[in-house]
Amino acid sequence: HLRPGGPKQNPFGPGTLTRVIAVTSGKGGVGKSTLTANLAASLAHQGFRVGILDADVYGFSIPALMGLAPDGVAAKPTRLDDMIVPPVGHDVKVISIGMFVENANAAVAWRGPMLQRTITQFLTDVYFGDLDFLLLDLPPGTGDVAITVGQQLPNAEVLVVTTGQSAASEVAVRAGVVARQTGQRILGVVENMGPLVLQDGSAIALFGQGGADTVAHELSIGQDKAVEVLARIPLSLGLREGGDQGTPIVLSHPADPAAHAINELARVI
Ligand code: ADP
């Protein structure tokens with residue numbers, strides 16, 4: 001894979017044997033990064049070779065979610081010749097913008113062209129080796145990154161994350177539409193933060209329900225094949241705590257309903 005001299009190539013473009021899955025959402029805080037981390041850990045646990053490219057410049061949380069920022073500071077990648085060697089957490093190779101900035105505030109300046117260059121460089125200069133899956137954690141919304149991904153990874157499949165709330169689902173539709181305009185295929189929709197089941201067996205739908213159905217319906221209009229809701233993940237204390245501790249719940253508590261939903265998703269995609 002090392003190509004001394006000569007221009008470096010992006011090994012994940014058209015013709016690659018790696019499935020490239022871009023995880024996107026219309027807005028922040030819907031659990032996109034939490035899902036990306038757990039999905040990656042689940043796929044790796046199944047025996048797949050998995051990498052994550054964390055391009056969420058505004059909220060790079062993947063290193064912490066994957067146990068690679070124990071004291072709040074993201075692990076630093078090492079170098080091999082002119083390649084960047086990604087740190088490994090829970091058997092997943094991880095590269096993140098958070099590994100290259102001094103502090104979170106530095107990220108504010110990362111816009112447009114710089115972001116595009118960084119993603120391009122992550123694709124060409126990071127030594128992932130052969131992967132079965134490369135998951136991309138994209139910044140929420142539409143724009144530069146979606147266009148860059150469309151140009152560099154037109155083969156990417158897009159997983160759209162929303163909550164049940166219309167405020168999240170309306171913008172998620174737009175993120176899906178832009179992804180499609182840049183040539184990517186919609187893999188499906190995930191509804192996160194579904195009803196929280198209480199000890200007495202009752203449930204509260206804190207973030208509403210049905211957002212993913214709306215997104216799937218809207219993104220299916222005019223398509224040959226309907227876009228499907230691939231998973232519904234409930235609100236889960238364990239999922240949140242596992243994230244804070246850097247221990248994906250899919251590994252530590254697979255019986256938790258949220259973990260179960262994500263492990264199932266990893267089996268069907
Ligand atoms: P995004 O990447 O969309 O901005 P995050 O993955 O950072 O969202 O999640 C936002 C917050 O919500 C985090 O604190 C995370 O732990 C929490 N969270 C995500 N999904 C769930 C869930 N199903 N149940 C409980 N907390 C969740």
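The secondary structure of the protein chain comprises nine helices and twelve strands. The model is predicted. Along its principal axes, the C-alpha trace spans about 60 × 45 × 35 Å. The radius of gyration is 18 Å, which agrees with the value near 18 Å for a compact globule of 269 residues.

The ligand site was examined next. Around the ligand stand 19 residues. Among these, Gly31, Lys32, Ser33, Thr34 and Arg240 come nearest. Three elements each supply at least two residues of the shell: helix H1 (32-45), strand E9 (185-194) and helix H7 (237-245). By class, eleven residues of the shell are polar, six are nonpolar and two are charged.

Helix H1 also packs against another helix. Its partner is helix H9, which covers residues 257-268. The axes of H1 and H9 lie 9 Å apart. The angle between the two helices is about 60°. Angles under 35 degrees count as roughly parallel and those from 65 to 115 as roughly perpendicular, so H1 is oblique to H9. The crossing of H1 with H9 is right-handed. On the H1 side, the contact is made by Leu35, Asn38, Leu39, Ser42 and Leu43. On the H9 side, Ile262, Asn263, Leu265 and Ala266 meet them. Six residues of this contact are nonpolar and three are polar. No charged residue takes part in the contact of H1 with H9.

Helix H5 spans residues 166-181, and helix H6 spans residues 211-220. Their axes come within 9 Å and cross at roughly 30°. Angles under 35 degrees count as roughly parallel, and H5 and H6 are therefore roughly parallel to each other. The crossing of H5 and H6 is right-handed. From H5, the contact includes Ser166, Ala168, Ser169, Ala172, Val173 and Gly176. These residues meet Gly211, Thr214, Val215, Glu218 and Leu219 in H6. By class, the contact of H5 with H6 has five nonpolar residues, five polar residues and one charged residue.

Note on methods
Residues are numbered from 1 along each chain as its sequence is written. This is a predicted model: local features need pLDDT of at least 70, side-chain atom pairs count only at pLDDT 80 or more; totals for chains, interfaces and linings use all residues. A residue is near a molecule or strand if its C-beta atom, placed from the backbone, lies within 6 Å of it. Helices (H or I, at least four residues) and strands (E, at least two) are DSSP runs, numbered from the N terminus. Ala, Val, Leu, Ile, Met, Phe, Trp, Tyr, Cys and Pro count as nonpolar, Asp, Glu, Lys and Arg as charged, and the others, Gly among them, as polar. Axes are lines fitted to C-alpha atoms, for helices over the stretch in contact, and angles run from 0 to 180 degrees between N-to-C directions. Angles under 35 degrees count as roughly parallel, over 145 as roughly antiparallel, 65 to 115 as roughly perpendicular and the rest as oblique. A crossing is left-handed if the near helix is turned anticlockwise from the far one by less than a right angle, and right-handed if clockwise. Two residues are in contact if their C-beta atoms, placed from the backbone, lie within 7 Å. The radius of gyration is taken over C-alpha atoms; the globule rule is 2.2 Å times the number of residues to the power 0.38.
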